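Student: I would like to learn how to read side-chain features in a model. Can we take them one at a time?
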Amino acid sequence: MLISNHCSGAISEKINMSYRSPRQQPAFRRRPSLSKPSFSTSRNDLSFSGRIRASRRTIFVLENINLIVNANLLQTVVILDNVTSGIPSNAFYNSSNLNNITFGKYVSSIGDRSFYGCANLLNITIGEGVNSIGVESFSNCNNLQNINISNSVATIGDSAFINCPSLPYIVIPNSVKIIGNNCFQGLNITSVTIGNYVTTINNNAFADCVNLTTIVIPDSVLTIGDNVFSGCTNLSNVTIGNSVTSIGSQCFYNCKNLQSIIIPDSVVTINNMAFAETNLQNVSIGSGFINAGSNIFYDSNIQHLTIKGNYELQ
């Protein structure tokens, strides 16, 4: 095991820790508090570019991270406050035993697929310096039960939390402006809080969240993408903010419990089949509506329809 010098002014070195027998590493017999570093990965080792302190199942990251090769036996990662870089893409990909990650205050970003497939990760508090969460960064974290997104995050990437069935709710802070495609698709969440500075909700963001019953889209949102709430079969209460200009194709498709909707004056365009196959009975459309896609209320059960403007539905 090669470890960089921890003395003052030491230059960060690449650390390559691979399994060696106790006979090759007598230091571990004299220092029982550190277990032998046996890591199982595609390369049968764990590699860091940066300075760390490590035992068999715990790593303390002391300096900026440049490279991490997946370590399946890791259980705990602690990133200290003097780390100012982002977590690289694929950093802990499929680290199935990882159950605890502590972010330092100044970690700047979470790379694509950084924690993809960390099946035993239960709770995450995103560090207060993180400004972006990458594509599929927590995808397939099957046992993730709580995610606390800090009020510094501006962007949540595509599919960031897809296939995380144990999450019961989502709170998106006011700092977030963009919610990526498929970001929370198919989750078992019962509630979502969308921050007051989100401007864009991209395609499929909450599609197939069958336990979701209520959604409030804040006044900051300008566009709602395609299929955003498609397949949310228990969604019954929807509030659309007063700045939304466009509602995407099949946005509320197959929302079987949706019975009424008020579309504000700001909405100019309602795209194809946006409210198709719902149980809508009461619909009010604001004065700004001028562009209608095809079959926007296809196979719905509308009994009362009010259009404030001069547009006539075909």
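Student: Which backbone oxygen lies 2.6 Å from a polar atom of the side chain of Ser152?

Tutor: A polar contact is a pair of N or O atoms within 3.5 Å; within protein, one must be able to donate a hydrogen and the other to accept it, and residues adjacent in sequence count only if both atoms are side-chain atoms. Here the oxygen belongs to Val130. The Ser152 side chain also reaches the backbone oxygen of Glu128, at 2.9 Å. This is a predicted model: local features need pLDDT of at least 70, side-chain atom pairs count only at pLDDT 80 or more, and totals for chains, interfaces and linings use all residues. Residues are numbered from 1 along each chain as its sequence is written, and side-chain values use heavy atoms, with hydrogens and water left out.

Student: Where is the place of Ser152?

Tutor: Strands (E, at least two residues) and helices (H or I, at least four) are DSSP runs, numbered from the N terminus. Ser152 sits in the loop between β11 (146–148) and β12 (155–156). Val130 is 22 residues away in sequence, yet the C-alpha to C-alpha distance is 6.0 Å.

Student: Which residues does Ser152 touch, not counting residues up to four places away in sequence?

Tutor: Contact means heavy atoms within 4.5 Å. Ser152 touches Gly127, Glu128, Gly129, Val130, Asn131 and Ser175 on that count.

Student: Does Ser152 count as buried, partly exposed or exposed, and what about Ser246?

Tutor: Buried means under 20% relative accessible area, exposed over 50%, partly exposed in between (1.4 Å probe, protein chains only). Ser152 has 23% relative accessibility, so it counts as partly exposed. Ser246 has 18%, so it counts as buried. Ser246 is in strand β20 (residues 246–247). Beyond four places in sequence, its contacts are Leu222, Thr223, Ile224, Thr269 and Asn271.

Student: How many residues does the largest nonpolar core have?

Tutor: In soluble globular proteins, nonpolar side chains tend to be buried together. A nonpolar core is a set of buried Ala, Val, Leu, Ile, Met, Phe, Trp, Tyr and Cys residues joined through side-chain atoms within 4.5 Å. The largest one here has 74 residues. Phe115, Phe161, Ile179, Phe206, Phe229 and Phe275 have the most contacts inside it. Two or more residues come from each of β6 (76–79), β21 (260–263) and β23 (282–285).

Student: How many aromatic pairs does a search of the whole structure find?

Tutor: A pair of aromatic rings is described by the distance of the centres and the angle of the planes. Rings of Phe, Tyr and Trp (its six-membered ring) pair if their centres lie within 6.5 Å; planes under 30 degrees apart count as stacked, over 60 as edge-to-face and the rest as tilted. The search finds 11 pairs. Phe92 and Phe115 have ring centres 5.4 Å apart and planes at 15°, so they are stacked. Phe92 is in the loop between β6 and β7 (100–102), and Phe115 in the loop between β8 (109–110) and β9 (123–125), 23 residues apart. Phe92 is buried at 1% relative accessibility, and Phe115 at 0%.

Student: How is the pair of Phe161 and Phe184 arranged, and which are its values?

Tutor: Phe161 and Phe184 are stacked, 5.5 Å centre to centre with 5° between the planes. Both Phe161 and Phe184 are buried.
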